Amino acid sequence: MADRDDIPESLVRRTPWPESVSRPVVTPLQPSVVYASLDPDQLDAQYAGQVKGFTYAREGHPNAEVLARKIDALEGAEGGIVVGSGMAAVAAVLLGLLRAGDHVVGGDQLYGRSLRMMAEDLPRLGIATSLADATDAAAVEAALRPETKLVLIEVVSNPTLRVADLDGIAALCRARGILLAVDSTFSTPRGIRPFDHGADIVIHSVTKLLAGHSDVTLGYVACRTAELRRAVELFAVTTGLTPSPFDCWLAERGLLSFHLRYDRAEETAARLADHLAGLPGVRRVIYPLRADHPDQARAVALLGRRGGNMLSFELEGGRAAANALTRAMPAVAFAPTLGDVGTTLSHPASSSHRAVAPEVRARLGISEGFFRISVGVEEADLLIRDFTAGVAAARDA
Ligand SMILES: *Cc1c(COP(=O)(O)O)cnc(C)c1O
């Protein structure tokens, strides 16, 4: 009889996975960092790409691959990669493809951290940057230099929801051999597929609408050519922009219902936009498909009837009105994110745009009464009731 102090082999060595003739329906979560190969010949063959095999999670793991193939299918892409955040995706593109002496042009209403990378990090590394109005291809053209290597734009800008002249900018880039990278987080592949419009690179913050539940931080990059893909992926692997298997697993689960969530939220957003526009105390409403949107024709041309789940509006009155609104509608989270299954409300003047110079903010129309709404999947009537109460409280403030 074994002594009770003996340690059984099955305790210290990993137990073989239980045999089963059936297979799990749900994607297994695979947290293993390392993968054992049969012998050095097999490992060689894996590294040479002759056989498929994982080796070390920083270089790739099954949950990231499952998620990447799903987003590839949505984007009409091949060989996209998943990284640890949307900003990791932006960094992998800019730092993986550019070198000192290059110049890059960015849309002047890019996501805040992307703007910071353009303003601070790239110049520190010897990469010159300029910003230009992405709704105006002529303005982008004027910013180009002989050494311009890449243009980075977003199709729908945050938080003023301006629609970029994607086709015009793509034509410019194509004519001059400049790479066009599109951060398509706001519009999602359900709104537009940038590769169909001549983009070379598509970026997503998967954190937002694709994963959709505000419980993971992930990004995605896809490139048109194998050469670009290799450069971006090598940079991501070398600098450790690796996503967590658990995050990828959660994001895959979220993605299963992405189209349902998106369609529902979009329908509600259009209704809510029209409702808000009719409320006293609301100065203006911004929704790409509305007749009063400055880029409505282009929005229809690029996005079709896909106006998206994002809308913005401006209250009459200043900070006091804004405070009254968020306090009067606690069921709608006042939180600076977007794409959650529940509606969230953000106030750029106190969050994303707090560091933006007052005159720039004024030019963008981002006053103290300006709010951005990321519409979720709640009943439209419920949201309309909440916002009606919020706007009424703001008027009384
Ligand atoms: C949120 C966001 C990012 C950054 O994504 P993270 O996952 O938060 O790093 C980049 N671009 C856009 C347009 C975003 O909305």
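A salt bridge here is a side-chain nitrogen of Lys or Arg within 4 Å of a carboxyl oxygen of Asp or Glu. Arg190 and Asp263 make one with their side chains, at 2.7 Å from N to O. Before going on, some ground rules: this is a predicted model, where local features need pLDDT of at least 70 and side-chain atom pairs count only at pLDDT 80 or more, while totals for chains, interfaces and linings use all residues. Residues are numbered from 1 along each chain as its sequence is written, and side-chain values use heavy atoms, with hydrogens and water left out.

| Item | Value |
|---|---|
| Area buried between domain 1 and domain 2 | about 2,700 Å² |
| Salt bridges between domain 1 and domain 2 | 2 salt bridges |
| Polar contacts between domain 1 and domain 2 | 15 residue pairs |

Buried area is the accessible area (1.4 Å probe) that two parts lose on being put together, summed over both; carbon and sulfur atoms give 61% of it here. A polar contact is a pair of N or O atoms within 3.5 Å; within protein, one must be able to donate a hydrogen and the other to accept it, and residues adjacent in sequence count only if both atoms are side-chain atoms. With contact meaning heavy atoms within 4.5 Å, 31 residues of domain 1 touch 30 residues of domain 2.

**The sheet**

Helices (H or I, at least four residues) and strands (E, at least two) are DSSP runs, numbered from the N terminus. Two strands pair if DSSP finds at least two bridges between them. Which order do the 7 strands of the open sheet take? They go β1-β7-β6-β5-β4-β2-β3, with mixed pairing. β1 (81-83) and β3 (128-132) are at the edges with a single partner strand each, so one side of each has no neighbour in the sheet.

β2 (residues 103-107) and β3 run parallel, joined by 5 bridges, and Val104 sits opposite Thr129 in β3. Helix α5 (residues 112-124) packs on the sheet too, touching β2 and β3, and its direction makes about 160 degrees with that of β3. For such angles, axes are lines fitted to C-alpha atoms, for helices over the stretch in contact, and angles run from 0 to 180 degrees between N-to-C directions.
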